[in-house]
Amino acid sequence: MDKLRLLDEAYLPLVTKPSRYSGSFLHAARKDPATAKVRVLLCFPDLYEIGMSYLGLKILYHMVNNRPDGAAELCFTPWGDMERLMRAEGIPLYSLESRTPAREFDVIGVSLQYELAYTNMLTMIDLAGIPLRAKDRREDDPIVVAGGLCTVNPEPFAPFVDAVVVGDGEEVMMEICDLIAERRDGRMSRAELLRRLAALEGVYVPALFAEVMNPYGFVAREALPDAAVARPRFRWVPALDPAYYPEKPLLSPTEITHDRLGVEVMRGCTRGCRFCLAGYMNRPLREKRADQVAKEVQCGIVHAGWDEVSLLSLSTTDYKQLPVVLHELDRFTNEFGVSVSLPSTRVGTLAPSVADKIGQGRKGSITFAPEAGTQRMRDVINKGIDEAELEYSVKLARDQGWGGIKFYFMIGLPTETMEDIDGIAATLRKAQEWARGGNKRMHFNVGISPHVPKSHTPFQWEIQDDMETLAAKIDRLKKGFRGMGNVRLKWRDPKTAFLEGVFARGDARTADALEAAWKLGARFDGWSECFDFGLWMRAFESVGVDPSIYLRPRDLDEQLPWDHIRTPVVKKFLLEERAKAYAAALTPDCRDHACYRCGAPCFTPKAREGRRLSLQLAPGQGTDPTSLAFSVPPDVTTDDIRARVAELEEAPIDALKGTTAPPPSAEKTTVNGNGHRNGNGNGNGNGAGKGSGAAASQHAGAPSGADAAESLVGRTFGRRRRVWPTASRGTEATRYRVAYEKIGPARFTSHLDLVRIFDRALRVAKIPMAYTQGFNRHAKIAYGPPLSLGATSRAEYFDLELAQAVSWDTIAALNSILPEGVRILEGRPFSRNVESLMSVITRADYRVTLTESLMDRLARGEDVHRVRQELERSAQAFRAADSWPVQKPSQGAAKTVNARPAVILLEPLAEGSLPGVKVASRLQTQGYVRPDLLLRSLLPSFEFDSRLLRVSREALSVERGTTLFTPLEALEESSFWRAMPVDRDGAATTDATLEVDAPRNHH
């Protein structure tokens, strides 16, 4: 469409963060949708930054594009300004990679992870030009398929989708693609396709189920006679197959919410927290082999260049092979300067060696989730932790040098009293005491979330606290936290919890309210700045639904709106867990105790008979660590590895229960290196060399019982400083000044994002960068004056310091890694101190023109020469004037500045080109304004947005008297510069750009 071809020129400059909509991914699978049999648009109903952080989307993207006949592309919900622009200009929802309209795809897949994203799904369907309700769709409309955790109760959004995938999507997505390909070949009707989809395990087609009213006034579902199955079964994959995960992860040029490599290590959880929907729905537990995790981390870092990797699961510290993985990754992460993080750590399961590995280099905050403030409430929800374990975790975080702890608690849990609310503040007061004695004052961030009962959990029958009750509990908390200076309390709005509760246990009638609220303007309801509670109440009133009835308790014999969805955990088990909750009775982790017969297909017959747990392992799991494919350092024995694997099970917590740790010993253990120990025994300062005393005793594995407590006391704790690569200057050049261009789609990449792009690309290219020394290391790269968002340039520069000399070819090889529009042009080495680019560059030359689409808007059939004539008159007046006021936008009111002193040259462009001007400005002069704002001031008779102008920076210059030099030429003029280009073998290169007598272009 013409509108889509004009996006970069006429529309994206007008919206916030246009890079969200440009589609300039790295490692994207760019296939021609017109030649593919199966075309899938994967949609995430939230902002680009949120959706690009979601691993599940990238897994499906990789799997569909791996099919010879498949093509998958991505799409995210446009922010408010972009949606308004799309509706005003008639721009359809489109895929980011090829900018194909959404309605031209065969399948539109929507991932629903959160109830308050439902309105965003409606926005995407409507912008695609597809009827909102499935019953109104035509034969050639795409099939809308929903997936994600919210699908265990699909009724609130069921009328808007054609099919629902319940459970893991890896295998069933391939089966859906097979049916789509078959339909292409055999002209299968839409109705027949839906019947075939319903026959797939894990797929629910709402059109094949009738709505029935239960005796309690709720709408339930029953299968029609022609339905393939009466109760769709939750789909799960038996193993986390390496084929699911891309070797080259999809990389965003713009910063995303979790801008790091995410590697799934385990799926599922057997802890059985009674409020946790994800824990019940992701059963059975499936762990990856340690060598598979290590390979994914190494491939991801090598191909994407992130400086942080996050090991993902519901409870990563329960991953049995975590110590082995961290040990294997230790040397690799040290070499690349990569830190390892865990999204959350279960209280009591964080072993000292694990805390040491994940804490090297960065010591921000570590996250714990006690969930409740009293032991009784923790037993009610089956959290399975006690105060001694919490004390151990806080003290370990203190001794490992963490700067703060994030605590997560819930309020509104079943059987909760005000004493339980007071227990949250009491727990934080104890944590303050436990944290004393470290080498810094620890801070605490406390997050409070109202409990929302979820379907298919033991609490699905419970009442949800109303907004008034929750507000009273929050007020009680605020009073309890008074006087805690280093504690920051944050809580979730009870109104958003109210709405989440309505849709978490809603029926088909809530779909009418959902559509009504969307039509009233509900968007991004999970964002506090967008959420409008009054609007939602008007929507419920308009459809005659009282939302508060969905928060009431449910009868145990009641037919629930989601009962037709068959999940891994049977209702009998949920009822037993509910009874245990009221008795405050624990159900221990089934990996360490007998099978409780929850219904998940993960245990052998012996376990079902009540014997000790025997896990039914999927193919490729459960291999002895000594047989893993990756290499183990020669000084680490088999016993060492087994001890590391067993470390989490030995739990030194027991030694701390009921005891008080003795004061630290006055004697300090002496070790090699920088005073700390590491697992490879090399004494390189990243851990420690071969030492004695407590450090040496740790080499054979973590002690247990009383020995563990003693070892915690005897060790030297504190924040460990990682030694990063440094610039070891010798006779060879160790620094380069590099020129690069930023054109095409890169014009919408901000300067900060560009810095991240180069940082990652240098790491991928294995260029030996020099780093600042400290806890938060930074590559030694100094950039020139930043370019305005939306402008292009062929004259940008940065100075790069290296840890060792390399040839120019090594740096030029970055072009094979950098995203489209960013390209290295030339460079020169230098070895002694010079002025920084920011201080030495004083002049910038620009070319600013109107675009063809903007000219069409301004001319509107009139003589286009009128624009050029006014521009010439204004340019002449500008040169003759002493003052030229220009409106300069700011965060508050616009400011008027005198732009004349900063402008050296202003000339209209010659005939034959689009109207515009050449501008030369001094960057460090008062009154400097962006060149697009300057050109806008030269056309006062025309109304247009200055962001629609095309700006190109033609040159950056260094002024030496009356002579202008490029920043590369300025090195030659400096007496400090000497040409010493060398390759890795020390041989001189003959690259013309590196020679002293290379020609110079003065301007």
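This is a predicted model: local features need pLDDT of at least 70, side-chain atom pairs count only at pLDDT 80 or more; totals for chains, interfaces and linings use all residues.
Let me begin with a pair of helices: H18 passes H19 in a right-handed crossing, where right-handed means that the near helix is turned clockwise from the far one by less than a right angle, and left-handed anticlockwise. Residues are numbered from 1 along each chain as its sequence is written, and side-chain values use heavy atoms, with hydrogens and water left out.

Helices (H or I, at least four residues) and strands (E, at least two) are DSSP runs, numbered from the N terminus. Helix H19 covers residues 533-542, and its axis comes within 8 Å of that of H18, at a crossing of roughly 130 degrees. Axes here are lines fitted to C-alpha atoms, for helices over the stretch in contact, with angles from 0 to 180 degrees between N-to-C directions. H18 and H19 are therefore oblique to each other; under 35 degrees counts as roughly parallel, over 145 as roughly antiparallel, 65 to 115 as roughly perpendicular, and the rest as oblique.

Which residues make the contact? On H18 they are Ala513, Leu514, Ala516, Ala517 and Leu520, and on H19 Leu535, Trp536, Arg538, Ala539, Phe540 and Ser542, contact meaning heavy atoms within 4.5 Å.

H18, residues 509-520, also packs against H6, residues 118-127, at an angle of about 70 degrees and with the axes 10 Å apart. That makes H6 roughly perpendicular to H18. This crossing of H6 and H18 is right-handed. H6 contributes Tyr118, Thr119, Leu122, Thr123 and Asp126, and H18 contributes Leu514, Glu515 and Trp518.

I turn now to the backbone. Most residues other than glycine have a negative phi, and most peptide bonds are trans. Lysine 17 is partly exposed, at 41%.

Finally, arginine 283 and proline 284 are joined by a cis peptide bond, with omega about 5 degrees. Proline 284 belongs to the loop between helix H9 (277-281) and strand E11 (286-287).

Terms used: Buried means under 20% relative accessible area, exposed over 50%, partly exposed in between (1.4 Å probe, protein chains only).
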